[in-house]
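Try each task before reading its solution.

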Amino acid sequence: MASTSKETPEDHRRKWDVEEYEEMARQRLEEERKKVEDSQHAQPPVKRDFLRRRDYKVDLESQLGKTKVISKSAPLSDQGGYYCNVCDCVVKDSINFLDHINGKKHQRNLGMSMRIERSTLDQVKKRFELNKKKREEKKKEYDFEQRMAELKEEEAKMKEYRKEKKKEKKRKADDAGLNEDIDPEMAAMMGFSGFGGSKK
């Protein structure tokens with residue numbers, strides 16, 4: 001603290017006892033070390049699961065294109081943006097929401113670490129066999145005759161559509177032809193030359 005020696009008018013600055021402050025700093029550091037050591041001994045390290053695949057589909061499109069009235073007093077889940085019920089937070093856009101879901105904080109709250117379990121040789125072989133079986137099933141599902149029937153159906157629909165278009169054009173042409181049957185003198189007397197301009 002300040003020295004108690006009488007200060008001279010020429011030397012009006014405070015004098016600090018450096019040794020006393022060094023001792024206080026040492027004591028504070030020792031207390032902090034003890035607190036850290038006590039907290040480490042009191043709590044055993046948390047064992048977290050390995051990182052796993054999501055077993056659900058992330059919903060990003062359900063609220064797309066919808067308008068919503070947001071008030072300040074509304075709960076977080078009703079506010080604008082993407083709500084994470086695990087971490088109880090709102091993220092404003094889809095990219096940041098995906099970053100949050102894949103991030104360390106979210107995975108910790110789910111009880112997982114960011115470490116991945118190493119696959120054994122047997123697991124890899126089983127996965128290859130499973131993928132091979134899926135490919136073979138897809139090949140079996142592809143039926144040539146069924147595909148040909150679908151193509152014929154599509155062609156029939158296109159023909160029907162073209163026929164409808166032609167009929168519509170004919171109707172329009174017939175309607176335009178009716179307009180030409182009007183007497184030009186009568187049209188001039190009424191103040192117009194025709195009902196519509198049709199070019200043939």
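**Exercise 1.** Work out how many helices and strands the protein has, and the pattern they follow.

*Solution.* Start with the count: there are six helices and two strands. Helices (H or I, at least four residues) and strands (E, at least two) are DSSP runs, numbered from the N terminus. Next, read along the sequence, where the pattern is α-β-β-α-α-α-α-α.

Before going on, note that this is a predicted model: local features need pLDDT of at least 70, side-chain atom pairs count only at pLDDT 80 or more, and totals for chains, interfaces and linings use all residues. Residues are numbered from 1 along each chain as its sequence is written, and side-chain values use heavy atoms, leaving out hydrogens and water.

**Exercise 2.** Find the largest nonpolar core and the elements that give two or more residues to this core.

*Solution.* A nonpolar core is a set of buried (under 20% relative accessible area, 1.4 Å probe, protein chains only) Ala, Val, Leu, Ile, Met, Phe, Trp, Tyr and Cys residues joined through side-chain atoms within 4.5 Å. The largest has nine residues: Val-58, Leu-60, Tyr-82, Cys-84, Cys-87, Cys-89, Val-91, Phe-97 and Ile-101. Two or more residues come from each of β1 (82-84), β2 (89-91) and α2 (94-101). Now select Phe-97: leaving aside residues up to four places away in sequence, Phe-97 touches (heavy atoms within 4.5 Å) Val-58, Leu-60, Tyr-82, Tyr-83, Cys-84 and Val-91.

**Exercise 3.** Locate Asp-88 and describe its phi.

*Solution.* Look in the loop between β1 and β2 for Asp-88. Its phi is near 55 degrees, a positive value in a residue other than glycine.

Definitions and conventions:
Buried < 20%, exposed > 50% of the residue type's maximum accessible area, 1.4 Å probe, protein only.
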